[in-house]
Amino acid sequence: MAVPKKRRTIRRIRNRVAHMKIDPVNLTRCSNCNKLIPTHTVCKHCGFYNDEKIIFLKEKPAKETA
Ligand SMILES: [Zn+2]
């Protein structure tokens, strides 16, 4: 069975985890709803990406497609 060779100290664990946080530098404003979103992702709030509607959310009926 695989066994860890060395004990992982709290300090080393916290040092690693500190780099996993979402960097606020990589957040941009959505072009449609102007909320903060990570870059290169579809907006969670309105489903827009690159000025195009990618995800059609259930709340709004499909009036805009016509
Ligand atoms: Zn948006």
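The protein chain contains one helix and four strands. The model is a predicted one. The chain has 66 residues, and 9% of them count as buried. Contacts between residues at least 6 apart in sequence can be sorted by how far apart the partners lie along the chain: 0% of them join residues at least 24 apart.

Two of them show how the site joins separate parts of the chain: Cys-33 belongs to the loop between β1 and β2, while Cys-46 belongs to the loop between β2 and β3, and the pair is 13 residues apart.

Is Cys-46 buried or exposed? Cys-46 has a relative accessible area of 7%. Since buried means under 20%, Cys-46 is buried. Cys-33 has a relative accessible area of 27%, a value between the 20% and 50% cut-offs, so Cys-33 is partly exposed.

The next residue to look at is Ile-37, which is placed in strand β2. Its relative accessible area is 9%, and because this is under 20%, Ile-37 is buried. Which residues does Ile-37 touch, once its neighbours within four places in sequence are left aside? The contacts of Ile-37 are Asn-26, Leu-27, Thr-28, Cys-30, Cys-43 and His-45. Asn-26 is 11 residues from Ile-37 in sequence, and the C-alpha atoms of the two are 8.4 Å apart in space.

Ile-37 also has a place in the largest pocket. This pocket has a volume of about 160 Å³. Its lining is made up of 13 residues, and those nearest its centre are Thr-28, Ile-37, Thr-41, Tyr-49 and Asn-50. Three strands each supply at least two residues of the lining: β1 (27-29), β2 (36-38) and β3 (48-49). Sorted by class, the lining has five nonpolar, six polar and two charged residues.

Two residues in loops deserve a look for their backbone angles. Asn-34, in the loop between β1 and β2, has a phi near 65°, a positive value in a residue other than glycine. Asp-51 lies in the loop between β3 and β4 (52-53), and its phi is likewise positive, near 65°. How exposed is each residue? Asn-34 has a relative accessible area of 48%; exposed means over 50%, so Asn-34 is partly exposed. Asp-51, with a relative accessible area of 58%, is over that cut-off and is therefore exposed.

Key:
Residues are numbered from 1 along each chain as its sequence is written. This is a predicted model: local features need pLDDT of at least 70, side-chain atom pairs count only at pLDDT 80 or more; totals for chains, interfaces and linings use all residues. Side-chain values use heavy atoms; hydrogens and water are left out. On a 1 Å grid over the protein atoms alone, a cavity is a set of points where a 1.4 Å probe fits but cannot get out, and a pocket is an open set with protein on both sides within 12 Å along at least five of seven lines; lining residues have an atom within 4 Å of a point. Grid points are joined across faces, edges and corners, and a volume is the space filled by probe spheres set on the points. Ala, Val, Leu, Ile, Met, Phe, Trp, Tyr, Cys and Pro count as nonpolar, Asp, Glu, Lys and Arg as charged, and the others, Gly among them, as polar. Buried means under 20% relative accessible area, exposed over 50%, partly exposed in between (1.4 Å probe, protein chains only). Contact means heavy atoms within 4.5 Å.
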